[in-house]
Amino acid sequence: MAKKIFLLGIIFLFKNILWAEDVSKEDFEKLQIVYAMYDEFKDEFKSVETIAADELKKIKTKITFVDVREKAEQAISMIPNAISKDEFEKNKDKYKDSLIVTYCTIGYRSGVYAEKISKEGFNVRNLKGSLLAWLLSGESIQKNGKETLTVHVYGKKWNILPTKYKAIW
């Protein structure tokens, strides 16, 4: 256990030196919990590649975020410039040249959907830890084009947010 904590500390230090992000130690520890939860079910969509929030900064191609959550969840907040699954489904051809990044609360629903559209020929990645990991990595969310601090987290089990955010379910 002490070795694991030491390694997490080293990773946290390394991460802050490389990316100079404003991610607290508490948020980094929560992020590791979210990743562990994600790892419990990622084998259910083995054919889908996963991408972490911090890896997205290195991508040079056009990225289209697809939010696969229910409309009531999306009405609370979404990743900036994300589109709903319904919008994606209506205009699939428009996104053929994009890297599609699917997300939900933690990554299960989006992983299942990513697997489906990968079979249709889309270049798709599932956002590891999805919306929870996005926020714990220091990224923001929006409602009606403005930053918000309210997040629909699907259920109490997934209330693993940075302290400044308010969870509802």
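These legends accompany close-up views of a predicted model.

**View A. The largest nonpolar core of the predicted model.** This core holds 46 residues, and Phe88 and Trp134 have the most contacts inside it. At least two core residues come from each of α2 (25-39), β2 (63-67), β4 (99-103), α5 (108-118), β5 (124-127) and α6 (130-136). The largest contribution, six residues, is from α6.

**View B. Surroundings of phenylalanine 88.** Apart from neighbours within four places in sequence, Phe88 is in contact with Val66, Ile83, Tyr95, Ile100, Tyr113, Ile117 and Phe122. The charged end of Lys96 sits over the ring of one of these residues, Phe122, at 4.1 Å from the ring centre.

**View C. The buried residues of helix α5.** Ser110, Gly111, Tyr113, Ala114, Glu115 and Ile117 are the buried residues of α5. They pack against β2, α4 (85-90), β4, β5 and α6.

**View D. The pair of phenylalanine 41 and tyrosine 108.** Ten aromatic pairs are found in the whole structure. In the pair of Phe41 and Tyr108, the ring centres are 5.3 Å apart and the planes stand at 85°, so the pair is edge-to-face. Phe41 belongs to the loop between α2 and β1 (49-51) and Tyr108 to helix α5, so the pair ties together parts 67 residues apart in sequence. Phe41 is buried, with a relative accessible area of 14%, whereas Tyr108, at 35%, counts as partly exposed.

**View E. Lysine 128 and tyrosine 35.** The ring of Tyr35 has the charged end of Lys128 over it, 4.2 Å from the ring centre.

Notes: Residues numbered from 1 in each chain as written. Predicted model: local features only at pLDDT ≥ 70, side-chain atom pairs only at ≥ 80, totals over all residues. Heavy atoms only, no water. Core = buried A, V, L, I, M, F, W, Y, C linked by side-chain atoms within 4.5 Å. Buried < 20%, exposed > 50% of the residue type's maximum accessible area, 1.4 Å probe, protein only. Helix = DSSP H or I, 4+ residues; strand = E, 2+ residues; numbered from the N terminus. Contact = heavy atoms within 4.5 Å. Phe/Tyr/Trp six-rings, centres within 6.5 Å; stacked < 30°, edge-to-face > 60°. Lys NZ or Arg CZ within 6 Å of the ring centre and 35° of its normal.
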